[in-house]
Amino acid sequence: MAAVIAMLEELRALAPLTAEGAAARFSAREWTPGGKPRDGVETSWDKDGVGAWIQTFSSGTVTVSFAVWVRDVDESGYFDDVEAVYEEAERALDGFLPEIEGSPLAGHLTEAEQTAEDKDEFIALKKWTLDDRTLTAGVVQPDTDLPVMVVVALEAVPA
C-alpha cells in the first residue's frame, strides 16, 4: 500500500486539488491509466493491484479514491455470508489504518467527526482532516450485488 500513501502525499501537495493535477501525479508515479477519460482527463488508474479513480462533481468538489482491498460477490451474484465478508473487510481496514497513521501524513491529520451521511455510506470508517481536505478510510458496499471494498478517499471541497 506504499503506492497509495505516496500518492496521498503527492495529492496533499496539490493546491488546489484538481482532476488534471491528480491525473498528472498518477502518470508521473507510473500508475497505469484505465482508459476512462472524462472531460479530457484520465479518471481511472491502477498500480500494484490497487485501483484509483478521480471524480469531479458539479459543486467543484474533487475526490480521489483508492480501492485498497476488494472482495467480489460469490458465483451466485451475492455473498453467502455477507457478515463474514464485512468482518474480513473491517480486519483489512484495521490493518491499513496504521499505514496512514504511521506515514508522513500523520503530522497533518486531525481526526474528524463522522456524519450521518458517512454512517449511511460506510460499514466502518475512520475520518480525518488533512489540511483543508477530508481523508476517509472505510469499508463500503455500494449495492448488494457489488463487491465489498476498503477505500481511502481524499476529498477537496472548493472554498
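A residue is called buried when its relative accessible area is under 20%, exposed when it is over 50%, and partly exposed in between. The model examined here is a predicted one.

**Exercise 1.** Determine the order of the strands in the open sheet, and identify its edge strands.

*Solution.* 
1. The sheet is built from eight strands with antiparallel pairing, in the order β1-β4-β5-β6-β10-β9-β8-β7.
2. The strands at the edges, β1 (32-33) and β7 (109-111), each pair on one side only.
3. Within the sheet, β6 (residues 62-71) and β10 (residues 148-156) run antiparallel and are joined by nine bridges.

**Exercise 2.** Compare the span of helix α3 with the expected value, and state which of its residues are buried.

*Solution.* 
1. Helix α3 comprises residues 82-101, which is 20 residues.
2. From first C-alpha to last, α3 reaches 28 Å, close to the 28 Å expected at 1.5 Å a residue.
3. The buried residues of α3 are V85, Y86, A89, L93, F96, L97 and I100.
4. The elements covering these buried residues include α1, β6, β7, β8, β9 and β10.

**Exercise 3.** Which parts of the chain are linked by the salt bridges R25 with E10 and E88 with R71?

*Solution.* 
1. In the bridge between R25 and E10, the closest N and O atoms are 3.1 Å apart.
2. R25 belongs to helix α2 (residues 19-28) and E10 to helix α1, so this pair ties together parts that are 15 residues apart in sequence.
3. Both partners count as partly exposed: R25 at 23% relative accessibility and E10 at 21%.
4. In the bridge between E88 and R71, the closest N and O atoms are 3.0 Å apart.
5. This pair links distant parts of the chain, with E88 in helix α3 and R71 in strand β6, 17 residues apart.
6. E88 is partly exposed at 30%, and R71 is partly exposed at 27%.

Note on methods:
Residues are numbered from 1 along each chain as its sequence is written. This is a predicted model: local features need pLDDT of at least 70, side-chain atom pairs count only at pLDDT 80 or more; totals for chains, interfaces and linings use all residues. Side-chain values use heavy atoms; hydrogens and water are left out. Two strands pair if DSSP finds at least two bridges between them. Helices (H or I, at least four residues) and strands (E, at least two) are DSSP runs, numbered from the N terminus. The expected span of a helix is 1.5 Å times one less than its number of residues. Buried means under 20% relative accessible area, exposed over 50%, partly exposed in between (1.4 Å probe, protein chains only). Contact means heavy atoms within 4.5 Å. A salt bridge is a side-chain nitrogen of Lys or Arg within 4 Å of a carboxyl oxygen of Asp or Glu.
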